[in-house]
Amino acid sequence: MNKPKYTIAVTGLNAIDSPGPGLAIIRGLKDAKSFDVRIIGLAYEALEPGIYLHDYIDKTYQIPFPTAGQEVLFERLSYINSEENIDFLYPNFDAELYGFIKLQKHMEEILGIKMVLPTIEQFEERHKVNLYDYGIKHDIKVPKARAIYSTAEIPAAAQLYGYPLVVKGKFYDAKVAYNNEQAAQHFNKISAQWGLPILIQEFVRGSEVNVCGIGDGKGNLLGAVPMRKLYITDKGKAWAGISLDNERLLELTRNMVESTKWQGPFELEYVKTVDDEYYLLEINPRFPAWCYLTVGAGQNQMEALVNLAMGKEVEPFKSYKVGTMFIRYSNDLIVDINEFEKISTIGEL
Amino acid sequence: MRIKKNIAVSDTGFIFNPSSGDSYSVNPIGMDIVRHLKQNKEIVEIKHAIMSDYVCDDATFEKDYYDFTMMLRNYKLLEDE
């Protein structure tokens, strides 16, 4: 049987110490059994390592930062599409998702580029700042939190939750603070990078467990693999992890997808306390950087998502291999200056 | 008291809890006790088996056995029947 060949564009090529999910997604797509792929990388900066990994990415184009606005992004994507005829696009950064969700209809109707993304309501509702209310609405335990706009608000929040507490950025980054001074330091550092508001969250002690999955937008969970972080970097990222046999986590995930009619990929971040209670820390509306573990465990969720967009019948995954591990590693790419010059000046490589 | 059904125990003494992702290593005596617990044996049977394989008196066995099973319980590897 002839397999279709899709041209798929992927962002998140920053395979650095706090990696984007792009390369993991590309590996999943290259492993797909039901189609072949040509991969188009979409990069923001010339030093994103994925740009130079030619075994994974056929061609890379630079795209404008989300702050440039949707019109500029659409214009750039129109040009890239005129060159590459893209079938599907995987946006992978929280910060860029809003723009892509807003452009989704346009991109499909005018450019013929499909995406599977949460709706704008789902995206906004699960936002860190709104997560506590989200938990109440959908009957999910969430640590108490409040958004603040100045360091002057820290003592009041600390009075409510006590120390330690967690200082979080609106898109990325979270640090534990043990006193007002530390909290103020974290506030300044995170807000300088990611802007305001900053979230002050109650600290829940326990081990971190995450779920990577996809929802079909009708309340059905198409796939889910729970993972426990075995090694966490100083940036809080999983450097090693293992797939778990955890029916409670899967039940919580099924309930979340059913209750919210979640559409597209997601990562649920939980803390499991010593009393076996689960607190939801975050819902990331995209695949996480460790998503290739799902392929290793027998669920190629990246392939399933593309097939869902292409209107193919996608059967929910029924199982996965428990005890599958991932261990991340770093590597030095040797790159010719000509390549760096090309992407820096022409914006294509 | 028995080892939870889903706990995987290898011949080399590697114990894996698939619910939590935790793994442990036990020495050969620990391995023997875990294997007996997996077979739902009572303490009397386990004591008999261990004391026939190792030189040990009653009191030492009981003290070490309870210490060991307490540790297994703390790690949530045991369940009550």
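Let's start with a helix in this predicted model. Helix α2 of chain A runs over residues 70–84, and at 1.5 Å a residue its 15 residues should span 21 Å; the end C-alpha atoms are 20 Å apart, which agrees.

**Helix α2 of chain A**

- Which residues of α2(A) are buried? They are L73(A), L77(A), I80(A) and N81(A).
- Looking down the axis of α2(A), you would find its buried residues within an arc of 100 degrees, so they line one face of the helix.
- After α2(A) comes N85(A), and the phi of N85(A) is positive, near 50 degrees.

**Chain A as a whole**

- Chain A contains 11 helices and 14 strands.
- For 349 residues, a compact globule would have a radius of gyration near 20 Å; the value for chain A is 20 Å, which agrees.
- Along its principal axes, the C-alpha trace of chain A spans about 60 × 45 × 40 Å.
- Of the 349 residues in chain A, 45% count as buried.
- If you take the contacts in chain A between residues at least 6 apart in sequence, 65% of them join residues at least 24 apart.

**Nonpolar cores**

- In soluble globular proteins, nonpolar side chains tend to be buried together.
- The largest nonpolar core here has 100 residues, and those touching the most other members are I8(A), I25(A), I200(A), W290(A) and C291(A).
- Helix α10 of chain A (residues 301–309) gives this core its largest share, six residues.
- What does W290(A) touch, leaving aside residues up to four places away in sequence? Its partners are A24(A), M227(A), A238(A), G241(A) and F326(A).
- Another core, of eight residues, lies apart from the largest one, and its members include I3(B), I7(B), I15(B) and L37(B).

**Where the chains meet**

- How many residues does each chain bring to the contact? Chain B brings six residues and chain A brings eight residues.
- Sorted by class, the side of chain B that touches chain A has two nonpolar, four polar and no charged residues.

Note on methods: Residues numbered from 1 in each chain as written. Chains lettered and ligands numbered in written order. Predicted model: local features only at pLDDT ≥ 70, side-chain atom pairs only at ≥ 80, totals over all residues. Core = buried A, V, L, I, M, F, W, Y, C linked by C-beta atoms within 7 Å. Buried ≥ 20, exposed ≤ 12 C-beta atoms within 10 Å, placed from the backbone. Helix = DSSP H or I, 4+ residues; strand = E, 2+ residues; numbered from the N terminus. Contact = placed C-beta atoms within 7 Å. Expected span 1.5 Å × (residues − 1). Arc of directions from axis to C-beta. Nonpolar A, V, L, I, M, F, W, Y, C, P; charged D, E, K, R; others polar. Rg over C-alpha atoms; globule rule 2.2 N^0.38 Å.
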